Amino acid sequence: MRDYALNRAESFDEVGSTSFLRRIFRNWVARRAVGRLDTYDDYLLRDIGVKREDIRWAAGLPLTVNAALALEERSFRQRRAEFDKRPGRDAF
């Protein structure tokens, strides 16, 4: 978990501190990693909490956007919305 938090912090910090080409290269690498998720079967994707259409959406983002972070954020929001819709959940 610590490595995950550090990686997220580095990714957000890079926006202003690294060169444009380095950021584009990292985003390209992230897009390739996201594209490889499309080869996984539906059972595995459901297990990690990602939908196939979200993978294709993230792979189509411009190179100025980190596809892996965008996919993670989108899947988190979708899981959160599904959780909030469960019966017995009181909205505060």
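Phe 25 and Trp 28 sit together in helix H2, three residues apart, which is about one turn of the helix. In this predicted model, the count of aromatic pairs comes to one. The pair is formed by Phe 25 and Trp 28, with 5.9 Å from centre to centre and 35 degrees between the planes, and is classed as tilted. The class follows from the cut-offs, because planes under 30 degrees apart would count as stacked and those over 60 as edge-to-face. Trp 28 has a relative accessible area of 40% and is therefore partly exposed.

Of the 92 residues in the chain, 24% are buried. Among contacts between residues at least 6 apart in sequence, 55% join residues at least 24 apart.

Helix H2 also takes part in a helix packing. Two packed helices are described by the angle between their axes and the distance between the axes. For helix H2 (residues 20-37) and helix H5 (residues 67-84), the angle is about 50 degrees and the axes are 7 Å apart. This angle makes H2 oblique to H5. On the H2 side the contact involves Ala 30, Arg 31, Val 34 and Leu 37, which meet Ala 67, Ala 68 and Leu 71 in H5. By residue class, the contact of H2 with H5 comprises six nonpolar residues, no polar ones and one charged.

Lys 51 is found in the loop between helix H3 (42-48) and H4, whereas Arg 52 belongs to helix H4 (residues 52-59). With a relative accessibility of 34%, Lys 51 counts as partly exposed. Apart from neighbours within four places in sequence, Lys 51 is in contact with Gln 78 and Glu 82. The C-alpha atoms of Lys 51 and Asp 38 are 9.3 Å apart in space, and the two residues are 13 apart in sequence.

Asp 38 comes up again in the surroundings of Arg 52. A polar atom of the Arg 52 side chain lies 2.6 Å from the backbone oxygen of Asp 38. With neighbours within four places in sequence again left aside, the contacts of Arg 52 are Asp 38, Tyr 40, Asp 41, Asp 42 and Leu 45.

Note on methods
Residues numbered from 1 in each chain as written. Predicted model: local features only at pLDDT ≥ 70, side-chain atom pairs only at ≥ 80, totals over all residues. Heavy atoms only, no water. Helix = DSSP H or I, 4+ residues; strand = E, 2+ residues; numbered from the N terminus. Polar contact = N/O pair within 3.5 Å; in protein donor to acceptor, adjacent residues only side chain to side chain. Contact = heavy atoms within 4.5 Å. Axes fitted to C-alpha atoms, helices over the stretch in contact; angles between N-to-C directions. Parallel < 35°, antiparallel > 145°, perpendicular 65-115°, else oblique. Nonpolar A, V, L, I, M, F, W, Y, C, P; charged D, E, K, R; others polar. Phe/Tyr/Trp six-rings, centres within 6.5 Å; stacked < 30°, edge-to-face > 60°. Buried < 20%, exposed > 50% of the residue type's maximum accessible area, 1.4 Å probe, protein only.
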